[in-house]
Amino acid sequence: MKFDFSNIFLSRGVNYFNDDKTLHSIMKYLNYHDDALADMGLYISSEMIEDSMFIDHYAKPVLKTWGILDNEIEGVWISRDHKNIIERLLDMGVVSRILDKDLMFHFTSGYLISDSGLFCTLTLTGQTVYALKKYSNNLNDFIEHYRNDHWLGATYYTEIQGGSDLGANKTVAVSNGDSFILNGENKYFASDAGLADGAIVTARLNNKPGVKGISVFFVPALKPDGSPNYNIRRLKDKLGTILVPTGEVILNNSIGYMLGNDNNGIYIALEILEISRIDDALAAAGIARKALWESYLYSLERHAFGKAIIKHPLIIRDLIEMQSEVDASTVLSFIAADMFSKVTDEEPPYHDDYHMARAFTHMAKNISSWASDHVTRYAMEIFGGKGFLYDFPVEKFHRDSIVTSLWEGTSNIQALDFLEILIKKKIDKRIISIINDIIKDLSKENADILSSALRRSLENLESMLSSGKTEYFAKDILNTLGHLSALAFMLLISEKTGNMELSISGKIYYYRHFLNSFPYDFDFNSASRILHWMKRI
């Protein structure tokens, strides 16, 4: 009997764009649509997930340092299927649309693809393209390679002694006419090393100290004579994200080209990270959606104690709670993506709209990544012991979700960066203003829910901000405003698009995050209608 992937993956054939009701409401609200996304949505469930699971299990990337003629290679060998997936998604426009200033296509692709390892390669390539397009001078040849030749990108920021503290970086750049020479031994988390044709690299110019001494460079993988421009010490073994090779890069008289200037390097470096932080948030939401979709379909078919498990009250409650978390994460992440897409013409020093986009990105990444961790882990429980088996995709969803809270700054980093914006830019006042405007635009029932959530949030915020211990409460502050913003836009999008299920999902979110319990008369069976759009026709 021939193997059929649908025997182990019930969601095979789902169109993750056309069939996702929450996503369509968000797209309608944002007035964004592209038919190419429908082709991508079907390809992902019908082919990509099967291929990526096989690669994850049996065909992980391998570092090759030397060729048979004793030539230095410094390349990563991936399977032909792996290469074909990347090229097919590139052909669909996941990266090239960024050059056309259509970041929303890239961001929406991230939600649809969501495989953290695979999409990491596309994220890194996307932000490389973004940086080259916006901040490079006379590097058009490199840009055209990215547009036409399936070039891949990377960002080499982190060093072993510094981690998220870029001010501790030791890599140094010195001027060499039209280019720079970079030297540094410990680019420690260099994802896409060995695949990338060029990377965005942080280094300090002439040993200039501190975080303000950081500059940003584009470093091609090869020198003009075709020899490696940097070395790869090794690839790391990881719990998940197997499809993206993560190595340790050594810069040894490497040729680089400065992006921007030496006065705004740290700001450019962090701006580039905004893309990957939004991608992290959307990938987390997308993974959670796939895990929930698979869990829902399984609950319709799996019988226990004489009936389908979806008929059991606790499973009903579990699934609707998971749905509310996925809906909230998806909504908040797309609002952050939309905000950032509208401020990409800004350069340092930035204006208030840019800082608002930053704030929403921090909230979205933190809330979405933690929700994804919870939803994908609990999806394993829905499947019982089978959820823990390597044989089925749900365990991979969980492994790949965990990293979304780690990459591009842990939850502590997101909270501290958010706190800095709040203190310096009073961003909390602007967020509260947005919430008040949304309340005015809602029906009475939803306005009352959001008003109650706002009152509770303001009481908590006032206590935390006046405590004299704001750093201790930084994550609570971030989450308070994040949950409030997610709820507000869930209710608004529901009413603006006629998606009443999203309003019910918002009410569940309100009970969970603002009341910390359901009313005893809550009708769980009626609320389960928010799940039914995931049923296969």
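**An aromatic cluster and the fold around it**

Six residues, Tyr510, Tyr511, Phe514, Phe518, Phe522 and Phe524, come together as one aromatic cluster. Keep in mind that this is a predicted model. Across the whole structure, a search turns up 26 aromatic pairs. Take Phe518 and Phe522: their ring centres sit 5.0 Å apart with the planes at 45 degrees, so this pair counts as tilted.

**Aromatic rings**
- Phe518 and Phe522, which both belong to the cluster, are both buried.
- The 45 degrees between the planes of Phe518 and Phe522 makes the pair tilted, because stacked needs under 30 degrees and edge-to-face needs over 60.

**Charges over rings**
- Which ring does Lys236 lie over? Lys236 is over the face of Tyr188, 3.4 Å from the ring centre.
- Tyr16 has a lysine over its face too: Lys290, at 4.5 Å from the ring centre.

**Overall fold**
- The protein is built with 17 helices and 11 strands.
- Its radius of gyration is 23 Å, close to the 24 Å from the globule rule for 537 residues, so the protein is as compact as a globular protein of that length.

**Burial, contacts and surface**
- Some 61% of the 537 residues count as buried.
- Looking at contacts with a separation of 6 or more, 75% come from residues 24 or more positions apart.

Notes. Residues numbered from 1 in each chain as written. Predicted model: local features only at pLDDT ≥ 70, side-chain atom pairs only at ≥ 80, totals over all residues. Heavy atoms only, no water. Phe/Tyr/Trp six-rings, centres within 6.5 Å; stacked < 30°, edge-to-face > 60°. Buried < 20%, exposed > 50% of the residue type's maximum accessible area, 1.4 Å probe, protein only. Lys NZ or Arg CZ within 6 Å of the ring centre and 35° of its normal. Helix = DSSP H or I, 4+ residues; strand = E, 2+ residues; numbered from the N terminus. Rg over C-alpha atoms; globule rule 2.2 N^0.38 Å. Contact = heavy atoms within 4.5 Å.
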